[in-house]
Amino acid sequence: MHNKKNLLIIDAHCDTLYRLALEPNLQPCVTTERLQAGGVSLQVFALWAGPDGASPFDVVQAQLKAWQGLPIQSVDSPFDARDGQVAGMLSIEGGEVFGSDLHSVAEFRKLGVRIVALTWQRENRIAFPNQDGEGGRIKPFGWQVLARMEQLGMAADVSHLSRRGFWDLIDRYSQPPMASHSCCHALCPHPRNLTDEQLRALIARGGWVGINFFALFLTGGNKATIGDVVRHIDHIAQLGGAANVGFGSDFDGMPHPPKGAEHPGCFPAILDALRARGYDEATVRGIAGENFLRYFRAVAES
């Protein structure tokens, strides 16, 4: 299987830097060779705030060291990605990496960070996680961080954010948010997944959703297939979001990927499954990467 010429494939989330930096006994799923084999033009690498009890500063510094050692071209903007080349861009997963220092937002932007997941699975100075039911609202410091992010062209990621925080962004934030690695609650009622109401709101605001490949979020169990990935993409398309969906694999951050989509080299098979489902080539190109670029053009390049 080969990708169509000039087709950009973008994956908005992987946890490979943490694995390289702090889990050296585990082989990374995401490698340069697999990215090349899958025709991936841009892989977004998350700087994760780390597990409970860890120092976010120390964890992120270790990941930045791993990032500097990657044999992949680093880019400052997704628009620097090119067909036939593999590039990497940084995101943050867990706003606690900023501490209580608003100036650190700009420091991370200088390092190339363009996407910020405001929370991971714990409360921080910005907001609350979505594992706590409806959760709390965006905090005052969180609004300061968001204002600085907007000035710096950094996208707000809701994938781990509380539902109240999500609606705060929809109702009060000037820029449309994105969900870098989430699935559909209607198909799999896990707290991490987005409800149809949330998805419709994201679509209406011009947001973007990267489908997570973790079987738990796709099916509720530890087994899934490429067909399940397509099912979640198709559900968002049926809600009117064919131009607002793409990939956020979560490779190296989850234990049970779909059969046939275990690593980045499998992206062509997913695109072929979309074609088999009846999606035309323009829509497939959008899902592969152009939807992400369209979203970023409206948000981070404004």
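## Cysteines, a buried loop and a helix pair

The sulfur of Cys 266 is too far for a bond with the closest cysteine sulfur, that of Cys 29, at 8.2 Å. The model is predicted, and local features need pLDDT of at least 70, side-chain atom pairs count only at pLDDT 80 or more, and totals for chains, interfaces and linings use all residues. Residues are numbered from 1 along each chain as its sequence is written, and side-chain values use heavy atoms, with hydrogens and water left out.

**Exercise 1.** Determine how many disulfides the whole structure holds.

*Solution.* 
1. A disulfide is a pair of cysteine sulfur atoms within 2.5 Å.
2. For Cys 184, the closest cysteine sulfur is in Cys 183, 6.6 Å away, which is too far for a bond.
3. The search of the whole structure finds zero disulfides.

**Exercise 2.** Decide whether Cys 184 and Cys 266 are buried or exposed.

*Solution.* 
1. Buried means under 20% relative accessible area, exposed over 50%, and partly exposed in between (1.4 Å probe, protein chains only).
2. Cys 184 has 0% and is buried.
3. Cys 266 has 12% and is also buried.

**Exercise 3.** Locate Ser 249 and describe its surroundings.

*Solution.* 
1. Ser 249 sits in the loop between β9 (245–247) and α10 (267–276); helices (H or I, at least four residues) and strands (E, at least two) are DSSP runs, numbered from the N terminus.
2. Its relative accessibility is 0%, so Ser 249 counts as buried.
3. A polar atom of the Ser 249 side chain lies 3.1 Å from the backbone nitrogen of Phe 251.
4. Leaving aside residues up to four places away in sequence, Ser 249 touches residues including Asp 11, His 13, Asn 212 and Met 254 (contact: heavy atoms within 4.5 Å).

**Exercise 4.** Examine the phi angles of Asp 250 and Asp 252.

*Solution.* 
1. Most residues other than glycine have a negative phi.
2. Asp 250 has a positive phi of about 70°, and Asp 252 likewise has a positive phi of about 70°.
3. Asp 250 is buried at 5% relative accessibility, and Asp 252 is buried at 7%.

**Exercise 5.** Describe how α4 and α5 pack.

*Solution.* 
1. Helix α4 (residues 103–110) and helix α5 (residues 140–152) pack at an angle of about 30°, with axes 9 Å apart; axes are lines fitted to C-alpha atoms over the stretch in contact, and angles run from 0 to 180 degrees between N-to-C directions.
2. The contact is made by Val 105, Ala 106 and Arg 109 of α4 with Val 145, Arg 148, Met 149 and Leu 152 of α5.

Terms used: Polar contact = N/O pair within 3.5 Å; in protein donor to acceptor, adjacent residues only side chain to side chain.
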